[in-house]
Structures are given as C-alpha cells and as structure tokens.
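Subject: Structure for your review

Dear colleague,

Please find below the structure that I am handing over to you.

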Amino acid sequence: MGFRKKSKSPPVLSHEFVIQNHADMVSCVAMIVLLGLMFEVIYFLYHNIIIITLELTDKPEPFSYYKYGPKDMATVFFYLLIAIILHALIQEYILDKINRRLHLSKTKHSKFNESGQLATFYSFSFIWGCSILTNEEFVTNPTFLWEGYPHIHMAFQVKFFYICQIAYWFHALPELYFQKVRKEDVPRQLYYICLYIFHITGAYVLNLHRLGLVLLVPHYLVELLFHASRLFYFSDENKQKGFTLWALLFVITRLLTLTVSVLTFGFGLSRTDNQGFSLAEGNFNVLTVRMTCLSAICLTQAWMMWKFINFQLKKWREQSQIQASKKKAVSPKSRPSKKDSRGETFLKVILHVDYNKTPIYLSFAHN
C-alpha cells in the first residue's frame, strides 16, 4: 500500500494558511471562551442586562423576559465564531462532496456553495421563526405588532433568534475572504449582507422585534425556495419549475411586506398612547423615526422589485429573440429537402433558455 504524497503546506500566517485553517483557529478561540465560562471569567456571554420574572395567575411557573444591552455584542461575537465553524463543517462534509460528484464549473461551483449555505440557513431560520410566531401568537392577533410599544421585554427564544441572526450575517463578511469569493461576486453579496445587518439590527435596537419576525419569516421562505431551486437546477438543468413559483411568491411577499409596514408605522404606532422619544425607556415612537423606518423598508422593497423586473425583462427579451430566430430557422427556404428512410425530417434548433445559457436541442418531426 503506497503512501499519499503530502502537499506542500503554505507558510505560517500566510493568506493561504489562514484560509485553509481558519476553522481550526476559530475553534481554538471558541474553546478559550468556553473555558472562561467554566471559571466565570467571561460569564457575561450568557448574562443579560435585566431579567424580569412575572408571576402569572393562570400559569404556576414564572416567565423570564430579557432586554438588549451592550453585553449582547460579546454574545454576538461568540456566536459569530460558532457560525464560522458550522459554515466550514457544512462546506467540507456536505457541499464539497456533492461538488465532486456533479463536476461543476468554477462559476457554478461558487454559486452552488453560496446557495447550499444560504438554503441551510434559511430553512433553519424559517422553521425557528414559525415556531416563535406560533408560540407568541403574533400572527393570530396583528395588533400585537404595535400594542404595548415599546416592546422592551423579549422571551428567551426571541432574543436568542435575533442574536443568532445578527451573528450569522456578520460572519458572512469574513467568509467572503475565507471562501475566496470571486471579485465580481463580492459587491452583490456585500449588498444583501449589509441590508440584512441593517434591517435586523435596526428592528432589534428599536424594539420592533415583533414586526421584524413577521417580515423575516415569509422573506426567508421565498429565499429558501430560490436557493433550493438553484441547487436542483445545478443537479439537473431540466428542473426549472421552482423558479416560476419563486417569482410568484417574490412579488406577493414584497406586497405583504409593504402592507404590514404601512399598517404598523402609519396606523398602529401613530395611534398608540405612548408617544415620545426616550433612550432610557427604549421608546422611539416619534414621527421622524417612524417615517425613517418606513422609508427604509419601502426603498429596500422598491430596489428588490427593480432588480427583479430588470431580470425578468432581460429574460423576456432573450425569449423573444429566440422565438424570432426559431421562426427563421423553420421557414420553407431553410427546410432541408432530404428525408430519411422513414420519411421524416429532423430539424435541430438551439435554444438558450436556462440560467447559464446552456444550449438545449429540440427536434421537430415532419412526415
């Protein structure tokens, strides 16, 4: 049995060394943090600013509610490390093995890895978010979105959900370096990463976590459908039906987001009794903040719809050109006169209809 030749290891602390071993180095930092927890040196990772215990008459056990505070930054940093480790595990033990079987090109390989990571995150977040919405009864009673504002008290699941969301999207920034993302793909990924950080952190800090949950769950469902459809497309280029369903749900989700946002900021919060601005009380219910939040949401939805419409118009132009070339190809002057032994003529027409412009051949039989 022969021994495998070991590849030459890159110099220590070089770019290639950091990229190849970033998961191991982050694991060491996470272990140091966990070791500190054992001796209560950095116990603040699981310590919250205020814990309020309320005795409810109909439930014998007390409930603990949490606030956000500056110590949450340390918690976000810790789970950022965990997200980097999980990202590396999914990439090495799942996505890389599938890539070897599919033999994808470099462009498809990068998109497959991106969709694989995001589909895993979106599916987990969607299920978790649906569970929270069901337990907190946000969907059954829409007035919960603005009644009792400011919503400074959060259940543990709600606070932990937001901590994990913020940590994940912050971890996506160094992953652009660790995963060697192509330069032409970096601006596109930076756009949506920064938008996620801005909106999720804003909902968390402004005590709008109820509205944020209601808007995130359907949005994650649409994104999950898109990336899952792209994964199926890479495995089999004939599987494109998922993109049609994604396009329909994409438009519906944009309309739902605008409707809920206008209802909350324009009618709900503006009519509550607790109006004013107070950092100590966590109250940001003033006209300036409401209009700023509503404008940010509307502009983001308009930008997404603009990109979506431009993409669809581009595909429709390609389809019209294909149809025009198809008619020219099947015109009587261009038809071949020779027939085979069965009396049929086969005409091959090249159509570029998929997302990577892969030619598909269609045959037409004529008696």
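**Salt bridges**

Asp72 and Lys159 are both buried. The two residues form a salt bridge, in which the closest N and O atoms are 2.8 Å apart. Please bear in mind throughout that this is a predicted model. Asp72 belongs to helix α2 (residues 72–102) and Lys159 to helix α4 (residues 156–178), so that this pair links distant parts of the chain, 87 residues apart.

How many salt bridges does the structure hold? There are five. Another of them joins Arg230 to Glu114, with 3.6 Å between the closest N and O atoms. Because Arg230 lies in helix α6 (residues 209–235) and Glu114 in helix α3, this pair ties together parts that are 116 residues apart in sequence. Are these two residues buried or exposed? Arg230 has a relative accessible area of 13%, which is under the 20% cut-off, and therefore it is buried. Glu114 also counts as buried, because its relative accessibility is 10%. Glu114 and Arg230 are linked with Arg188 in a network of salt bridges.

A further salt bridge connects Glu184 with Arg182, where the closest N and O atoms are 3.3 Å apart. Glu184 has a relative accessible area of 53%; as this is over 50%, the residue is exposed.

**Helices and annotated regions**

Helix α3 covers residues 106–136, which is 31 residues. After α3 comes Glu137, which has a positive phi, near 60°.

The unreviewed UniProt entry annotates residues 29–54, 74–95, 190–207, 213–233, 245–267 and 287–306 as "transmembrane region". Two of these spans may be examined in the model. Residues 190–207 are 89% helix and 0% strand, with end C-alpha atoms 26 Å apart. Residues 213–233 are 100% helix and 0% strand, and there the end C-alpha atoms lie 30 Å apart.

**Cavity and pocket**

The structure holds one cavity of 30 Å³ or more. The largest cavity contains about 30 Å³ of space. Which residues line the largest cavity? They are Tyr149, Leu208, Phe265, Leu269, Phe284, Asn285, Val289, Arg290 and Cys293. Two elements, β4 (283–285) and α8 (287–329), each give two or more residues to this lining. The most comes from α8, which gives three residues. By class, the lining of the largest cavity has seven nonpolar residues, one polar and one charged.

The second largest pocket has a volume of about 840 Å³. It is lined by 36 residues, of which His87, Gln91, Glu175, Phe178 and Gln179 are the closest to its centre. Helices α1 (15–38), α2, α3, α4 and α5 (186–205) each give two or more residues to the lining of this pocket. The largest share, eight residues, comes from α2. The lining of the second largest pocket is made up of 15 nonpolar, 12 polar and nine charged residues.

Yours sincerely

Definitions and conventions. Residues numbered from 1 in each chain as written. Predicted model: local features only at pLDDT ≥ 70, side-chain atom pairs only at ≥ 80, totals over all residues. Heavy atoms only, no water. Helix = DSSP H or I, 4+ residues; strand = E, 2+ residues; numbered from the N terminus. Expected span 1.5 Å × (residues − 1). UniProt positions renumbered as here; feature names shortened; annotations may be inferred. Salt bridge = Lys/Arg side-chain N within 4 Å of Asp/Glu carboxyl O. Buried < 20%, exposed > 50% of the residue type's maximum accessible area, 1.4 Å probe, protein only. 1 Å grid on protein atoms, 1.4 Å probe; cavity = no way out; pocket = protein on both sides within 12 Å on 5 of 7 lines; lining within 4 Å. Points joined across faces, edges and corners; volume = space filled by probe spheres on them. Nonpolar A, V, L, I, M, F, W, Y, C, P; charged D, E, K, R; others polar.
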